[in-house]
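Could you walk me through the backbone, the sheets, the helices and the aromatic rings of this model? I would like the cut-offs spelled out as we go.

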Amino acid sequence: MCGITGWVGFDTDLTGRREVLAAMTATMTARGPDAGDLWVSRHAGLGHRRLAVIDPVGGAQPMVCETADGPVVLAYSGETYNHAELRRELVALGYRFRTASDTEVVLTGYRAWGDAVAERLNGMYAFAIWDGRVDRLVLVRDRMGVKPLYLHRTKDGVLFGSEPKAVLANPLFRRRVTTEGLRELAGFTKASGWALWEDLAEVEPGTIVTVDRGGVRERSYWRLRAHPHTDDARTTVETVGGLLADIIRRQVVSDVPWCTLLSGGLDSSAVTALAADEAADGEKVRSYAVDFTGYEETFRPDELRSTPDSPFVREVVAHVGTLHSDILLDPRQLADPALRRAVVAARDLPIGLGDIDMSMLLLFRAIRAEATVALSGEFADEVFGGYPWFHHPAALAAETFPWLAFQNSYTADRGLPLRPGLRRALQLDSYVADQYDEAVAQVDPLDGEDAGAHQMRTASHLHVTRLARALLDRKDRLSMAAGLEVRVPFADHRLVEYVHNVPWALKTIDGRPKGLLCAAVAHRLPRSVVERVKSPYPSSQDEHYVIALQQQTRQLLSDPGSAVLEVFDPGWLRVAATGPAVAVTGAVRTGLERALDFEQWIDLYQPDLVLDHKDS
């Protein structure tokens, strides 16, 4: 896993701009703490920071192949899980290899097949190839969007990077955020291409971007399509089980220590159990879970969580036999402004998920001391229909994104803490409605499908192409900020394509949420885990954390000239920050978190806020 960045300027001599390219590359150091380098020619420069996972000695980048017609140069981030098969195919075509890295397979694959190499890759990746034979840049992003990639068009080319901060390090980029950028931040629809900053775009998953003197062009090499499902129940369960076994077998391949993230839920437990099946004789898989001091003893069910994780984690550890560690956090740690600042810097966003993001970063830092790669259960709920709103008729029938219709502290009126004038300018209701219409228009119809089946297919499509991408981005940013590579087995495109087209009745075998997944992995798990009700990543319930949020918000309010108060309503914040902590509801707590995130973001990024609103 790595970080990439680059600059192409067809009217610019970049050989004299190495210091700028070096600064852009340096912003990716956390993503690639092991090594870094630049490749610069007259009109193109690529930067790379490396986290060595496959072939630590031979996989240095940018990787260059000199040809008679010019260099072909690759800066690659990610993992290609079928690189061994592709290597054999390329060798049969006459190509020879210098290294054992998957990076060289991708570079050689491009030489053999051009940008169609993307269609042959199984993995998570974002990469850039400068083809000096024809002076063309090729950017490729994986099908699900596991690995991030951002693009800014200049007058004579482009700037790009794994994260916005790489582009922001170039003086050509203007750090401007408008009302339009904030609209998606509050809307939570994961709009296509949105990247907060004006004139910065996220490269869409499953997309190839080519840049040459003729301009910038994009083409999609993959999209989620509808197909008839003809397998019976038994065959469907066996197929899912076989796919999962193959996916895990590929994803435990690593030249550095690896582990699993274990929450005691169905998804992470399945990954852990299947990974244990692939462990070498006599070896135990390492597993890690996050917990808070006193959390299990004082746990109170809330709107999303009915049980603590710890009892289920212990059962899986005993059943599977992992070498397990609990990363125990003091909730007071989560209130440290320096930790919030680190999270905001990792995500490049002024609004996150509060203590969930901060505890996740601490978890990843702790794991990184002992492992470099971790397998996660992320993406299973989107693929198999595990979220509660999949089973809530009103949320499905609401003609909006189901996660917004199913109100909770993270999705309830996200504009509530904002200044009234800004709320009016954002026009969130119409914005969300437009985004919903755009997203639904991407869903393929299927001949003979009744209204109910199409409704569930639509819900699945919205989650895979919208919500999942936001959550994958969060997991990527926070893990890579700690130099930890997190792999996502449930995001394998073969599994996604197959399960997306399984009828809802088969996805919910025995009337159980994620019944199909349960049936495929139940033989490897404790019954209690198979029957456990969905419980998201834990959030601290410690009152002292809320008190700290209120204190920090009051400190923020003590500076009436703070740019934060151009966005957030001082009156709302004052009320939320002065009431008793026990009366602070989930939605109010989330509002405080977002204001404090915004404060750190403004200080870190110094944006030019151009907001077209006035409070009356």
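Pro 62 sits in the loop between E3 and strand E4 (63-67), and the peptide bond that leads from Gln 61 to Pro 62 is cis, with omega near -5°. The element names come from DSSP runs, numbered from the N terminus: helices are H or I runs of at least four residues, and strands are E runs of at least two. Please keep in mind that this is a predicted model, in which local features need pLDDT of at least 70 and side-chain atom pairs count only at pLDDT 80 or more, while totals for chains, interfaces and linings use all residues. Residues are numbered from 1 along each chain as its sequence is written, and side-chain values use heavy atoms, with hydrogens and water left out.

Two more backbone spots deserve a look. Most residues other than glycine have a negative phi, and most peptide bonds are trans. Leu 196, in the loop between H5 and E11, has a positive phi near 70°. Lys 514 also has a positive phi, near 55°, and is placed in the loop between helix H19 (504-507) and helix H20 (515-521). Are these residues buried or exposed? Leu 196 counts as buried at 3% relative accessibility, and Lys 514 is buried with a relative accessible area of 7%. Here buried means under 20% relative accessible area, exposed means over 50%, and partly exposed lies in between, using a 1.4 Å probe and protein chains only.

Now to the strands. Two strands count as paired if DSSP finds at least two bridges between them. By that rule, six strands form an open sheet in the order E2-E3-E1-E9-E8-E11, with antiparallel pairing. Its edge strands are strand E2 (35-40) and strand E11 (201-202), each of which pairs on one side only. Within the sheet, strand E1 (residues 2-9) and strand E9 (residues 157-161) share five bridges in the antiparallel sense, and Thr 5 has Gly 161 in E9 as its bridge partner. Helix H1 (residues 18-26) lies across E1, E2, strand E3 (44-50) and E9, and runs at about 145° to E2. That angle is taken between N-to-C directions on a scale from 0 to 180 degrees, with axes fitted as lines to C-alpha atoms, for helices over the stretch in contact. Contact, in turn, means heavy atoms within 4.5 Å.

Strand E5 (residues 70-80) pairs with E6 in the antiparallel sense over nine bridges, and Val 72 stands opposite Asp 131 in E6. E6 is also joined by six bridges to strand E7 (residues 136-141), again running antiparallel. Across that pairing, Trp 130 has Leu 137 in E7 as its bridge partner. The hairpin of E6 and E7 has four residues between the strands, and Asp 135 there takes a positive phi near 50°.

Next comes helix H16 (residues 428-440), whose 13 residues reach 18 Å from the first C-alpha to the last, close to the 18 Å expected at 1.5 Å a residue. The expected span is 1.5 Å times one less than the number of residues. Its buried residues are Leu 428, Tyr 431, Val 432, Gln 435, Tyr 436 and Ala 439. Seen down the axis of H16, the buried residues fall within an arc of 135°, so they line one face of the helix; the arc is that of the directions from the helix axis to the C-beta atoms. They pack against helix H5 (179-187), helix H14 (402-405), helix H15 (420-426) and helix H17 (451-481). On the face turned away from the buried side, H16 carries the exposed residues Asp 429, Asp 434 and Asp 437.

Finally, the aromatic rings. Rings of Phe, Tyr and Trp (its six-membered ring) pair if their centres lie within 6.5 Å; planes under 30 degrees apart count as stacked, over 60 as edge-to-face and the rest as tilted. The structure holds 16 aromatic pairs. In one of them, Tyr 387 and Trp 389 are stacked, at 4.8 Å centre to centre and 15° between the planes. Tyr 387 is buried at 10% relative accessible area, and Trp 389 is buried at 7%. The rings of Phe 401 and Trp 403 have centres 5.1 Å apart and planes at 35°, so that pair is tilted. Phe 401 is buried at 0% relative accessibility, and Trp 403 at 2%. Ring pairs also link Trp 197, Phe 568, Phe 598, Trp 601 and Tyr 605 into a cluster.
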